[in-house]
Amino acid sequence: MAHSWDNLTDEQWEKICKRCGKCCLITVQDEDTDEIYHTNVLCRYYDQQNKLCRIYEKRCQVVPECLKLTKDNVDKLPFMPQSCAYRRLFESDYTDKKWPSLNGRTVCETEIDLNNLEDYIVDWDDL
Ligand code: SF4
Ligand code: SF4
C-alpha cells in the first residue's frame, strides 16, 4: 500500500520529528498481559536542554530497546505517544491540538532505582 511518506528523502523524514523526547520515556511491559505502560522516566541519553539524543547514530546498539522509527514500521507502532509527529502523519491527523510538553514532568533514569520503575508509571492519555 502506498503512503504519503513513501517519497520523502531521509533528511525530510528526520525533520518530521519534533524532538519532544516522549519516545525516550522508559516503558514497562506487564509480563502477563503484554500491556505497555508509560513512565515519566527519561532515557539517560536524552539531552533535555537541547532536545537531542546524545548517541543518535549508535542509539540502537547502545540501547537495544531503542527503536528506530522508519518509513517501513511507522504505521505499526501503536504504543508511540499520541502526539508523536510520525504517528500524526500515519493517522493523517494534522490538527493544531496543543500537546503538553515534558518540561518539569520527568526524571532521568540515572536519578532513580530502576528496580522501582513501576512507581513511575503515569497515566498520560495526552502523551
Ligand atoms: S538512546 Fe537516544 S533515541 Fe533512544 S531512547 Fe535513549 S535518548 Fe531516546
Ligand atoms: S515522540 Fe515522535 S516526535 Fe517526539 S521525539 Fe519521538 S519520534 Fe520525535
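Predicted model: local features only at pLDDT ≥ 70, side-chain atom pairs only at ≥ 80, totals over all residues.
Residues are numbered from 1 along each chain as its sequence is written, chains are lettered from A and ligands numbered from 1 in the order in which they are written, and side-chain values use heavy atoms, with hydrogens and water left out.

Lysine 15 has a partner in glutamate 11, with which it forms a salt bridge whose closest N and O atoms are 3.6 Å apart; the term stands for a side-chain nitrogen of Lys or Arg within 4 Å of a carboxyl oxygen of Asp or Glu. The two residues are separated by about one helical turn, because they lie 4 residues apart in helix H1 (residues 10-15), where a helix is a DSSP run of H or I with at least four residues, numbered from the N terminus. Glutamate 11 is exposed as well, with a relative accessible area of 54%.

By the salt-bridge rule the count comes to 4, and a network of such bridges links Arg87, Arg88 and Glu91. Arginine 87 is buried at 11% relative accessible area, and arginine 88 is buried at 10%, whereas glutamate 91 is partly exposed at 33%.

A nonpolar patch on the surface is formed by Ile36, Leu67 and Phe79, which together have about 250 Å² of accessible area, a value from the Shrake-Rupley method with a 1.4 Å probe in which only the protein chains shown count as cover for residues. Phenylalanine 79 lies in the loop between helix H2 (59-62) and helix H3 (85-90), and it counts as partly exposed because its relative accessibility is 38%.

The last stop is ligand 1, which is surrounded by Cys24, Cys43, Tyr45, Tyr46, Cys53, Ile55, Arg59, Val63 and Cys66. The shell around ligand 1 divides into 8 nonpolar residues, no polar ones and 1 charged.

Key: Patch = residues over 30% accessible without salt bridge, like charges linked within 9 Å, V, L, I, M, F, W, Y side chains within 5 Å. Buried < 20%, exposed > 50% of the residue type's maximum accessible area, 1.4 Å probe, protein only. Near = heavy atom within 4 Å. Nonpolar A, V, L, I, M, F, W, Y, C, P; charged D, E, K, R; others polar.
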